[in-house]
Amino acid sequence: MNFSDYQYEIYLNGLAGQLPPYSTDIGRLEQAVREKLDPGPYWYVAGSAGTGATDRANREAFDRWRIVPRMLCDASVRDLRTELFGRTYPAPVALAPVGVQSIVHPDGELATARAAAALGVPAILSTASSHTLEEVAEAAGPEGPRWFQLYWPHDDEVTLSLLDRAAGNGYDTLVVTLDTWTLAWRPNDLDQAYLPFLRGTGLAIPLSDPVFRSRLARPVEEDLNAAIMQWAPMFNGRSHTWDRLPLLRDNWDGPIVLKGIQHVDDALRAADAGMDGIVVSNHGGRQIDGAVAALDTLPGIAAAVGDRLTVLFDSGIRTGADIFKALSLGARAVLLGRPYVWGLAAGGEDGVRHVVRSLLAELDLTLGLAGHRSPAGLDPSVLSAR
């Protein structure tokens, strides 16, 4: 698949007077969406913890690295195919687990799953989805690669039920988010008094779970507020610990990826615990104000455990050049977050597909223009620190 052809598709459409329906610049796309969405949904996606210092640090970290192009290289044909956990994907990209997507578009995760399936990249379904595991699996179709992200409940029977449902519906990789066991201080959400879960949005998966429902005195349909109050302490407010990981390892046959790793020692513990991968991530700056930029921690973590498990990355990616830099610093693949959500808000499935195609086209072009034919050939030597 030649992802860079997307630019010529756009230019050729221009000959017929047709402009792209959405901007190819993520910043301009976000601005257009901001004018479209109500403040609550917009800031729920765009906002960060505290002053936003961590979000800014993520972007500043990318700006500290510069790509060093090489000339007269045979890079006219590129191959972005990447193997993750024994399966080959067309590009080193997955769609990050973003919850409550229906707040920006009614199709939410269904549209995201369809767009990802069309491109052959994994869509990671959040436990905080607006649609059920089963509905999203159907939307992805039999060939659509899909992973499941777990917000780990404090009820083992509910946890095992979620894992069984995910495995039974074709989700083959489990991504366990570690850094959001309770919500951070998020002034933008607080000033809007906006938390969609308390309105029942983003709870489709737990509220449809038979074991969770068995814990309720009355059916969800008869007393939604009571169900929400049952959900809140089960999924929030207490952290899990390393000694609990065997519960997941013993009950999930596929790869397990720990998301939110930012310290070398935690990466080493993940490898020692028999995990298959990690996501180096600070949750896009949404959980701790003033935290280290995720990209700054990536090289050390990749050097420490890259030969023992698969290192993925998210937090701060906005361009194809950003993807190039993260891959060069040790990530096997990256997770896209806010950018595809802006595409979803702008145009549903078509908007998600446009954003992902745009970023992959830029990655493809950057790779070739820098003198490389494959992401597999990237390492820190292709970059220069400012």
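A search of the whole structure, which is a predicted model, turns up 1 cavity of 30 Å³ or more. About 70 Å³ of space lies inside the largest cavity. Helix H5 (108-119) and strand S5 (123-125) are the elements that give two or more residues to its lining. The lining includes Glu109, Thr112, Ala113, Ala123, Ile124 and Leu125, along with Tyr340. By class, the lining residues are 8 nonpolar, 2 polar and 1 charged.

Now the rings. The count comes to 10 aromatic pairs. Tyr42 and Trp342 form a stacked pair, 5.4 Å centre to centre with 25° between the planes. This pair links distant parts of the chain: Tyr42 belongs to helix H3 (residues 39-46), Trp342 to helix H16 (residues 338-369), and they are 300 residues apart. Tyr42 and Trp342 are both buried.

Phe148 and Tyr171 pair edge-to-face, at 6.2 Å centre to centre and 65° between the planes. Phe148 is in strand S6 (residues 146-150), while Tyr171 is in the loop between helix H7 (156-168) and strand S7 (173-177), so the pair ties together parts 23 residues apart in sequence. Phe148 is buried, because its relative accessible area is 0%. Tyr171 is buried too, at 3%. The ring of Tyr171 also has a charge over it: the charged end of Arg146 sits 5.7 Å from the ring centre.

Tyr44, Tyr194, Phe197, Trp231 and Phe235 are linked by ring pairs into a cluster. Within that cluster, Tyr44 has Arg286 over its face, 5.1 Å from the ring centre.

How values were computed:
Residues are numbered from 1 along each chain as its sequence is written. This is a predicted model: local features need pLDDT of at least 70, side-chain atom pairs count only at pLDDT 80 or more; totals for chains, interfaces and linings use all residues. Side-chain values use heavy atoms; hydrogens and water are left out. On a 1 Å grid over the protein atoms alone, a cavity is a set of points where a 1.4 Å probe fits but cannot get out, and a pocket is an open set with protein on both sides within 12 Å along at least five of seven lines; lining residues have an atom within 4 Å of a point. Grid points are joined across faces, edges and corners, and a volume is the space filled by probe spheres set on the points. Helices (H or I, at least four residues) and strands (E, at least two) are DSSP runs, numbered from the N terminus. Ala, Val, Leu, Ile, Met, Phe, Trp, Tyr, Cys and Pro count as nonpolar, Asp, Glu, Lys and Arg as charged, and the others, Gly among them, as polar. Rings of Phe, Tyr and Trp (its six-membered ring) pair if their centres lie within 6.5 Å; planes under 30 degrees apart count as stacked, over 60 as edge-to-face and the rest as tilted. Buried means under 20% relative accessible area, exposed over 50%, partly exposed in between (1.4 Å probe, protein chains only). A charge sits over a ring if NZ of Lys or CZ of Arg is within 6 Å of the ring centre and within 35 degrees of the ring normal.
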